[in-house]
Protein chains: 2
Amino acid sequence: MSVAIENFVKAIYKNGKSNTNNTKPGNIAKALNISSAAATDMAQKLAAKDIIVYQKYQPLKLTEKGNKMALTIVRKHRLWESLLFKLFDLSLHDIHREAELLEHQTSDLLAEKISEYLGNPKFDPHGDPIPNANGDITTVDTSMPLSKASEGKSYIISRLLSTDKEFFDFCSANALKYGNTIQVSKQFTSSKMTQISINNNTIVLNSDFTNIIYVNENN
Amino acid sequence: MSVAIENFVKAIYKNGKSNTNNTKPGNIAKALNISSAAATDMAQKLAAKDIIVYQKYQPLKLTEKGNKMALTIVRKHRLWESLLFKLFDLSLHDIHREAELLEHQTSDLLAEKISEYLGNPKFDPHGDPIPNANGDITTVDTSMPLSKASEGKSYIISRLLSTDKEFFDFCSANALKYGNTIQVSKQFTSSKMTQISINNNTIVLNSDFTNIIYVNENN
DNA sequence: AATTATTTTTAAGCTTACTTAAAAATTTAT
DNA sequence: ATAAATTTTTAAGTAAGCTTAAAAATAATT
């Protein structure tokens, strides 16, 4: 399966999420920055391979097989985003761009290794669900903002919902990274501050931060 | 620059290393598993782009530009190998295969981040030098087998020269991973054993192991 | 040095993934 | 419901990166 095909299938999947009628060749063409003619062409080829259902002038629909393909690609994309986010100081925008390329050159084996390394996360740093190797998606999000976390419990950071560079600089300076483990030592309810410990350091965060740092209970 | 071009340039670089006469279209074709005709064709195209010097029936030679391209690809390949080796339990063979794909989808920025994360290593786990971002290669290898390391000093693991699965299993069970730091606490010269500490654990290794584990002084 | 064997090059052709332009169908607006 | 606008499809064509088969040049052998 070529990169062109993978991107085509992914675009149908993504466009279809928001609106079933958003998967006509023209819509997909726009998403991929190709001509409608090229999209119709590809659609007919993929129909012959039983990856999509194609009927003239109708929205494109993924077959079971096509859907599984899309989920595999989405999985790899989100695993890469999660890994790069954890390891490197890169903007979410940069990380997305890199993952967009790497996702197509990733064996199932490597995807498994990345997932394992990250503790088989169910959500990526954006909060988007990561399909498992079978293509199953967990839709129930058990994470919560740090402000809602309980005193004395251990948590794993699951998202940092911000695009602000200063916020990320602060986070990386304090090991507040996706996948890292923290202990919540105190919730100062009146002042809306949270005291946590991470790597034997204790820091106190105000609600600006604890509302955009999402965590999962560490069981 | 397409994947086909990058692989072509890399093949000329690699074949040329061993023998300047080993870069005729036929040699490159074999390395890339394509026909000689395809190689000649590509050679003519790359000559037009000033990436190689092409003269009929002569070995292909990289221009300055082509050489820099090759070094950039080699750099990315070896950085990926180093990273994957550090992070995951994968055979060197698997790691090579993955790196072979990822190297072509890696921005200069990402390469920098990987390098930085690894501490800007000059050699990969195979012991092959990693060119820096300018394409400069360090040829002086300062690493040594662990058996030659000095008592009381700190070292960084730079290579694990083996293809034996059991050896790697032992290593990963004991945090003996590429890039990790160890302390040499004792060299038992008569019995050829070495006592090291890593992550607050102390282990004693015999010379079968200390001769294939290479380290660099940790300054 | 001449013949044979090998390698390289040229030539013609194929597939993939596009493009633009025109024809056909659908959708929107009145 | 019909005309106008938009979208989709078809048709023809292109570039990249291959293939095989034959011609041309080089290298090896005697």
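**Reading a helix, an interface and a DNA surface**

Tutor: Let us begin with one helix: the buried residues of α7(B) pack against α4 (64–87), α5 (92–102), β4 (154–160), α8 (207–210) and β8 (213–217) of chain B. Contact means heavy atoms within 4.5 Å. Helices (H or I, at least four residues) and strands (E, at least two) are DSSP runs, numbered from the N terminus. This is a predicted model, in which local features need pLDDT of at least 70, side-chain atom pairs count only at pLDDT 80 or more, and totals for chains, interfaces and linings use all residues. Residues are numbered from 1 along each chain as its sequence is written, chains are lettered from A and ligands numbered from 1 in the order in which they are written, and side-chain values use heavy atoms, with hydrogens and water left out.

Student: Which are the buried residues of helix α7 of chain B?

Tutor: A residue is buried under 20% relative accessible area, exposed over 50%, and partly exposed in between (1.4 Å probe, protein chains only). In α7 (residues 165–173) of chain B, the buried residues are Phe167(B), Phe168(B) and Cys171(B). They lie on the same side of α7(B), because they cover an arc of only 95° around the axis; the arc is that of the directions from the helix axis to the C-beta atoms. The general idea is that an α-helix has 3.6 residues a turn, so residues three or four places apart point the same way. On the other side of α7(B), the exposed residues are Lys165(B), Glu166(B) and Ala173(B). Just after α7(B), Ala175(B) has a positive phi of about 60°.

Student: Is Phe85(A) buried or exposed?

Tutor: Phe85(A) counts as buried, because its relative accessibility is 4%. This residue is found in helix α4 (residues 64–87) of chain A. Beyond its neighbours within four places in sequence, Phe85(A) is in contact with several residues, including Leu92(A), Phe168(A) and Lys177(A). Phe85(A) and Lys177(A) are 92 residues apart in sequence, yet 7.9 Å apart in space, C-alpha to C-alpha.

Student: How is the size of an interface stated?

Tutor: The size of an interface is often given as the accessible area lost when the parts come together. Here buried area is the accessible area (1.4 Å probe) that two parts lose on being put together, summed over both. Chain B and chain A bury about 1800 Å² between them, with 73% of it on carbon and sulfur atoms. In chain B, Phe88(B), Gln105(B) and Lys113(B) lose the most area to chain A, together 30% of what that side buries. The contacts join 18 residues of chain B to 18 residues of chain A.

Student: Which residues are the closest to DNA strand D?

Tutor: A residue is near a strand if one of its heavy atoms lies within 4 Å of it. DNA strand D is surrounded by 19 residues, the closest being Gln44(A), Tyr54(A), Tyr57(A), Ser2(B) and Ser35(B). Sugar and phosphate make up 85% of the atoms of DNA strand D that come within 4 Å of the protein. For Gly26(A), a backbone N or O atom lies 3.2 Å from a phosphate oxygen of DNA strand D.

Student: Which element gives the largest share of the surface near DNA strand D?

Tutor: The largest share, four residues, comes from α3(A).

Conventions: Polar contact = N/O pair within 3.5 Å; in protein donor to acceptor, adjacent residues only side chain to side chain.
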